[in-house]
Amino acid sequence: MSDWKKIVLAIAIPETVGFLGSYFTKKSINTWYKHIRKPSFTPPNWIFGPMWTLLYAGMGYASYLVWRDGGGFEGPALKALQAYELNLVFNGIWTPLFFGAKRMGLAGIDIVATWASIVYCIHLFTPINATAGKLMWPYLGWVSFASLLNFSMWYLNRNTPSIKED
């Protein structure tokens, strides 16, 4: 398989995670999400799709660089790619928790795990390929901001009966 096909495949994996999550977002964005209290710094809805698309592309390319320079799935890249896989699981769970189950508190726990797994990925990626490590920093920044949004929305809506968690 040529390098560009491997890059496309590596990018397609996180993009697919995002695409699957969009199912839950689309069902809630104009109903439940529209009516919950949000902090004043909440970006407009249209920014999230393009932002995540770019972040997923960077993550995917970073994983390719680690795979390429770290000996594939048998070399030093193995542990880094396993951490990345776990990160994709945490990332993929957040949307169904927040938008599907409307469980902002549980989503908050998941986003903390996502954030920690990004830090771990950066730690493991950087020695294998410095560019790969750097490509994960925008993702960490956005998830940091998303964490603030998640916890702010949870706090603002914690006493609202229609969305209060059990």
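**Close-up views of a predicted helical model**

**View 1. Trp142 in helix 7.** W142 belongs to helix 7, which comprises residues 137–157. The coordinates shown here and in the following views come from a predicted model. The relative accessibility of W142 is 12%, and because values under 20% count as buried, this residue is classed as buried. Apart from residues up to four places away in sequence, W142 touches I47, F48, M51, W52 and L55. P50 stands 92 residues from W142 in sequence, and the C-alpha atoms of W142 and P50 are 12 Å apart in space.

**View 2. Leu148 in helix 7.** L148 is also a residue of helix 7. Its relative accessible area is 46%, so L148 is partly exposed. Along the chain, L148 and G108 are 40 residues apart, whereas a distance of 9.2 Å separates their C-alpha atoms.

**View 3. The packing of helix 1 against helix 3.** Two packed helices are described by the angle between their axes and by the distance between those axes. Helix 1 covers residues 3–28 and helix 3 covers residues 48–69; their axes come within 8 Å and cross at roughly 135 degrees. The two helices, helix 1 and helix 3, are therefore oblique to each other. Their crossing, that of helix 1 and helix 3, is right-handed. On the side of helix 1, the residues that meet helix 3 are D3, K6, I7, A10, I11, P14, E15, V17 and G18. On the side of helix 3, the partners are T53, Y56, A57, M59, G60, Y61, S63, Y64 and W67. Sorted by class, the contact of helix 1 with helix 3 contains 11 nonpolar, four polar and three charged residues.

**View 4. The packing of helix 4 against helix 5.** Helix 4 spans residues 77–100 and helix 5 spans residues 104–128. Their axes are 8 Å apart, and helix 4 and helix 5 pack at an angle of about 160 degrees. Because an angle over 145 degrees counts as roughly antiparallel, helix 4 and helix 5 are described in this way. The crossing of helix 4 and helix 5 is left-handed. The residues of this contact, between helix 4 and helix 5, comprise 20 nonpolar, four polar and two charged.

**View 5. Lys102 in the loop between helix 4 and helix 5.** The loop between helix 4 and helix 5 includes K102. The phi angle of K102 is near 60 degrees, a positive value in a residue other than glycine. With a relative accessible area of 29%, K102 is partly exposed.

**View 6. Leu135 in helix 6.** Helix 6 consists of residues 130–135, and L135 lies within it. L135 has a relative accessible area of 27% and is thus partly exposed. When neighbours within four places in sequence are left aside, L135 is in contact with G58, Y61, A62 and L65. F99 is 36 residues from L135 in sequence, and the C-alpha atoms of F99 and L135 are 27 Å apart in space.

**View 7. Spans annotated as transmembrane regions.** An unreviewed UniProt entry assigns the annotation "transmembrane region" to residues 6–25, 46–67, 106–125 and 137–156. In the model, residues 6–25 are 100% helix and 0% strand, and the end C-alpha atoms of this span lie 29 Å apart. Residues 46–67 are 91% helix and 0% strand, with end C-alpha atoms 33 Å apart.

Definitions and conventions:
Residues are numbered from 1 along each chain as its sequence is written. This is a predicted model: local features need pLDDT of at least 70, side-chain atom pairs count only at pLDDT 80 or more; totals for chains, interfaces and linings use all residues. Side-chain values use heavy atoms; hydrogens and water are left out. Helices (H or I, at least four residues) and strands (E, at least two) are DSSP runs, numbered from the N terminus. Buried means under 20% relative accessible area, exposed over 50%, partly exposed in between (1.4 Å probe, protein chains only). Contact means heavy atoms within 4.5 Å. Axes are lines fitted to C-alpha atoms, for helices over the stretch in contact, and angles run from 0 to 180 degrees between N-to-C directions. Angles under 35 degrees count as roughly parallel, over 145 as roughly antiparallel, 65 to 115 as roughly perpendicular and the rest as oblique. A crossing is left-handed if the near helix is turned anticlockwise from the far one by less than a right angle, and right-handed if clockwise. Ala, Val, Leu, Ile, Met, Phe, Trp, Tyr, Cys and Pro count as nonpolar, Asp, Glu, Lys and Arg as charged, and the others, Gly among them, as polar. UniProt positions are given in the numbering used here, feature names are shortened, and annotations may be inferred rather than shown by experiment.
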